[in-house]
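Dear colleague,

Please find below the structure that I am handing over to you. I would be grateful if you read the notes that follow with the structure open beside them.

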Amino acid sequence: MKYLVRALKQFVYLAVILCLIVLILVKANLVESDISKMFVNGYDSLWQIALIIAVFAGIYPKLGYSSREVRMYGSDEEIRPVLQEVMDDHGYKLEKDESGKISFIKRAPLSRMMKLWEDRVTFTRSLSGYSIEGRTKDIVRIASALEFRLSLPGEDA
């Protein structure tokens, strides 16, 4: 269900961006406002464009969201301050802290809106550290920062 919701959000997002681009081109008098003249196949192009957007929107959740295992050794008391600091540095705030599961969301409302409110990063405790789930681009950055901070010489964690 989450996959379908993400795909639908992405479809609407891409359709709105396309409409804005076309509107700007029409207002700047770079293209005619008649759809039959604007596109090669006229009104049939709208269905073709919608199909292309649907394909991209359907693929995006598979590529744009993932999970990753990060090895973090030590007790929760040692790891949590580093985890909180890394998430603060990346613009996240704590949303929930349940036993074994921590979730963060973006602090800035505009950033949340641009990510279509799909900005949640979830940490689930595992045997070797944490499993991170969220937007692929964000979790790669966060995982790299955590691994770097926890491997610094002189750190106890």
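How many bridges join strand β2 to β3, and do the two strands run parallel or antiparallel? Please note that this is a predicted model. Strand β2 (residues 92-98) is joined to β3 by six bridges, and the two run antiparallel. One of the paired positions is Asp-97, whose bridge partner in β3 is Ile-102. Together, β2 and β3 form a hairpin with two residues between them. In the turn, Gly-100 has a positive phi of about 80 degrees.

On the other pairing of β3, four bridges join this strand to β4 (residues 121-126), again in an antiparallel manner. Here Ser-103 stands opposite Thr-122 of β4. Strand β3 itself (residues 101-106) is mostly covered, as five of its six residues are buried.

I turn next to the salt bridges, of which the structure holds 12. One of them joins the side chains of Asp-138 and Lys-115 at 3.5 Å, N to O. Because Asp-138 lies in helix α6 and Lys-115 in the loop between α5 and β4, this pair ties together parts that are 23 residues apart in sequence. Both Asp-138 and Lys-115 are buried. Asp-138 has a relative accessible area of 6%, and therefore counts as buried, the limit being under 20%. The side chain of Asp-138 also makes a polar contact of 2.9 Å with that of Tyr-92.

A second salt bridge, between the side chains of Asp-88 and Arg-107, has an N to O distance of 3.8 Å. This pair links distant parts of the chain, with Asp-88 in helix α4 (residues 76-89) and Arg-107 in the loop between β3 and α5, 19 residues apart. Asp-88 is partly exposed at 35% relative accessibility, and Arg-107 is partly exposed at 43%.

A further salt bridge joins Lys-37 and Glu-32 (3.8 Å, N to O). Of these two residues, Lys-37 counts as exposed at 56% relative accessibility, whereas Glu-32 counts as partly exposed at 47%.

Yours sincerely

Terms used. Residues numbered from 1 in each chain as written. Predicted model: local features only at pLDDT ≥ 70, side-chain atom pairs only at ≥ 80, totals over all residues. Heavy atoms only, no water. Buried < 20%, exposed > 50% of the residue type's maximum accessible area, 1.4 Å probe, protein only. Polar contact = N/O pair within 3.5 Å; in protein donor to acceptor, adjacent residues only side chain to side chain. Pairing = 2+ DSSP bridges. Salt bridge = Lys/Arg side-chain N within 4 Å of Asp/Glu carboxyl O.
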